Amino acid sequence: MIYYEYKLIPIDPFHMDTYAVGVILNDNGMEGFRFVGIHKLWTSDKSGALVQAEFLMLEKAEEELDE
């Protein structure tokens, strides 16, 4: 059976360049994560107000060994 682990990393499209995104992807790629997509999700800001934020979604697949 294959198990999937997901990681959401918040990004700021106005202050983050492609180099910074590349560094995030390379660092997490060494742990076995791969890029799935960019998703816009609801979250809250520092004052507790609801806002939409963008996240990088990464996925890691692990296969369980049958014993």
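This is a predicted model: local features need pLDDT of at least 70, side-chain atom pairs count only at pLDDT 80 or more; totals for chains, interfaces and linings use all residues.
Residues are numbered from 1 along each chain as its sequence is written, and side-chain values rest on heavy atoms, with hydrogens and water left out.

The protein chain contains one helix and three strands, taken as DSSP runs numbered from the N terminus (helices, H or I, at least four residues; strands, E, at least two), and these elements follow the pattern β-α-β-β along the sequence. The radius of gyration of the protein chain is 15 Å, well over the 11 Å that the globule rule gives for 67 residues, so the chain is more spread out than a compact globule; here the radius is taken over C-alpha atoms, and the rule is 2.2 Å times the number of residues to the power 0.38. Along the principal axes, the C-alpha atoms fill a box of roughly 50 × 30 × 15 Å. Of the contacts in the protein chain with a separation of 6 or more, 59% are accounted for by residues 24 or more positions apart, a contact meaning heavy atoms within 4.5 Å.

Of the 67 residues, 18% count as buried, where buried means under 20% relative accessible area, exposed over 50%, and partly exposed in between (1.4 Å probe, protein chains only). The protein chain exposes about 5,500 Å², of which carbon and sulfur atoms supply 57%; accessible areas come from the Shrake-Rupley method with a 1.4 Å probe, and for residues only the protein chains shown count as cover.

The largest nonpolar core has six residues, namely Ile9, Ile11, Ile24, Phe33, Leu56 and Leu58, such a core being a set of buried Ala, Val, Leu, Ile, Met, Phe, Trp, Tyr and Cys residues joined through side-chain atoms within 4.5 Å. The elements that give two or more residues to this core are strand S1 (2–11) and strand S3 (50–63). When residues up to four places away in sequence are not counted, Leu56 touches Lys7, Leu8, Ile9, Ile11, Val21, Ile24, Leu25, Phe35, Gly37 and Ile38.

On the surface, Ile2, Tyr4, Tyr6 and Val36 form a nonpolar patch with about 400 Å² of accessible area together. Patches consist of residues with over 30% relative accessible area and no salt bridge, like charges being joined within 9 Å and nonpolar side chains (Val, Leu, Ile, Met, Phe, Trp, Tyr) within 5 Å. Strand S1 gives the most to this patch, with three residues, while Val36 lies in strand S2 (residues 34–44) and is partly exposed at a relative accessible area of 39%.

Five salt bridges are found in the whole structure, each defined as a side-chain nitrogen of Lys or Arg within 4 Å of a carboxyl oxygen of Asp or Glu. Glu5 pairs with Lys60, their closest N and O atoms being 3.8 Å apart, and this pair links distant parts of the chain, with Glu5 in strand S1 and Lys60 in strand S3, 55 residues apart. Glu5 is partly exposed at 38%, whereas Lys60 counts as buried at 16% relative accessibility.
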